[in-house]
Amino acid sequence: EGGGKKGEGEGESSAGSGGGFLGGVVRFLQIWWSAIRFKDFSLLALAWSCANIAIALITSNLILYIKYYLQEPNNGTIVVMLLQAGIAVSLPVWAVIIKFIGKKKSLFVGSMAIAAAFTGLYFLQPGQLMILMIVMPFVGIFAGSLYICLSSMQPDCVEAYYLKNGARHEGVLYSLFLLGGKIGSALSQAGSSYVLAATGYESAKGASKDDLPTQNEATQEALRAMIFLGPAALMVVICFVVFFIKDYQKEFATKRRQTIVSGEEVLGDDVANSYRRFTTLGSGTAAIVESRNTFAYLSMHDEGDSGEEGAPDSGRKAKAKSVRFAPTRTSWK
């Protein structure tokens, strides 16, 4: 069965290449639609897009906010650097936290902390730059959870997609993640420009730092909302979306030590590719599958040729009658 699926995949590939450019487009759209129908992938892509929208809102408008609302035209770059330094420092810390509380909980902690911090910063008044400079590194520390948690959940969803559909399309799936992020950033930057134009923003092009134009109240309120209230709301949306994504971290930690579940037909080639060794015993009546330090004993029935050391023949099928796991080979005694 494993060989059959492999053959089918090769046949599809040949057909797609035979169809030329149009065949490739059709094949891509089929994979794209299959990925969109996979709930966890779609939700994670949405959360990734929301994160990129929030980041773009902050980076596009933070210096303008400091310049025109806080009236500190010389310190905008310093605040941005403090934010980025917090993110850089936090990444290895979040990598450790994830091991203890998991990816989803880490993301919830970081996102809700950002939402709370931005809600408070919304009420800053002109001249209170020092408060912003103190808080921004901590915002960056919590923002690091967005980068590491969402990025590390992507391969989990890709692997879950493979387990569900029996086909690996990592290139298409990761490109869709990146595309969603880029679209979110582009929409955010374009939306910011339109909002500022609609509120009567006056460009400072050609003006010196001591002779900046005074922005009207509507523009200043728009800057405050886009930097603080918008990202805070998006953090809540991210938490809501990620809540419905299955947490594969614990599940994969167990399933990586397993190759089949009792009663299900398994693909011989997949077993051989996923594990270092596939050894059939007798006339294909049983097998030992090795993965790192774990061995699984499978009672099987043989529908092909007798087994031998190495990967089974492409025409072989194995049905598990029972599965047992042990830390070492000697446990079988």
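Contact here means heavy atoms within 4.5 Å. By that rule, and leaving aside residues up to four places away in sequence, Phe108 touches Cys239, Val242 and Phe243. The model is predicted.

**Overall make-up**

The protein chain has ten helices and six strands. It counts 333 residues, of which 42% are buried. Among contacts between residues at least 6 apart in sequence, 71% join residues at least 24 apart.

**Helix H8 and its two partners**

Helix H5 covers residues 103-121 and helix H8 covers residues 217-243; their axes come within 8 Å and cross at roughly 160°. Because of that angle, H5 is roughly antiparallel to H8, angles over 145 degrees being counted that way. The crossing of H5 and H8 is left-handed. On the H5 side, the contact is made by Lys104, Leu107, Phe108, Ser111, Met112, Ile114, Ala115, Phe118, Thr119 and Leu121. On the H8 side, the contributors are Ile227, Phe228, Pro231, Ala232, Met235, Val236, Ile238, Cys239, Val242 and Phe243. Sorted by class, the contact of H5 with H8 has 17 nonpolar, two polar and one charged residues.

The axes of H3 and H8 also come within 8 Å and cross at roughly 160°. H3 and H8 are therefore roughly antiparallel to each other, and H3 passes H8 in a left-handed crossing. The residues of the contact of H3 with H8 divide into 24 nonpolar, two polar and one charged.

**The nonpolar core**

The largest nonpolar core has 65 residues, and Tyr65, Phe118, Leu132 and Ile238 touch the most other members. Helices H2 (20-37), H3 (39-68), H4 (76-101), H6 (129-165) and H7 (170-198), along with H5 and H8, each give two or more residues to this core. H3 gives the most, with 16 residues.

Leu132 touches Tyr65, Ile66, Leu70, Val79, Leu121, Leu124 and Phe228, with residues up to four places away in sequence not counted. Of these, Leu121 also belongs to the H5 side of the contact with H8, and Phe228 to the H8 side.

| Residue | Relative accessibility | Class |
|---|---|---|
| Asn61 | 1% | buried |
| Phe108 | 23% | partly exposed |
| Gln71 | 55% | exposed |

Asn61 is found in helix H3. Not counting residues up to four places away in sequence, Asn61 touches Ser192, Leu196, Leu223, Met226 and Ile227. Ile227 is also one of the H8 residues that make the contact with H5.

Phe108 is found in helix H5. With a relative accessibility of 23%, Phe108 counts as partly exposed, because buried means under 20% and exposed means over 50%. The three residues it touches, Cys239, Val242 and Phe243, are among those that H8 gives to the contact with H5. Phe108 and Cys149 are 41 residues apart along the chain, and their C-alpha atoms are separated by 9.8 Å.

Gln71 lies in the loop between H3 and H4. Its phi is near 60°, a positive value in a residue other than glycine. Most residues other than glycine have a negative phi. At 55% relative accessibility, Gln71 counts as exposed.

Key:
Residues numbered from 1 in each chain as written. Predicted model: local features only at pLDDT ≥ 70, side-chain atom pairs only at ≥ 80, totals over all residues. Heavy atoms only, no water. Axes fitted to C-alpha atoms, helices over the stretch in contact; angles between N-to-C directions. Helix = DSSP H or I, 4+ residues; strand = E, 2+ residues; numbered from the N terminus. Parallel < 35°, antiparallel > 145°, perpendicular 65-115°, else oblique. Left-handed = near helix turned anticlockwise from the far one by under 90°. Nonpolar A, V, L, I, M, F, W, Y, C, P; charged D, E, K, R; others polar. Core = buried A, V, L, I, M, F, W, Y, C linked by side-chain atoms within 4.5 Å. Buried < 20%, exposed > 50% of the residue type's maximum accessible area, 1.4 Å probe, protein only.
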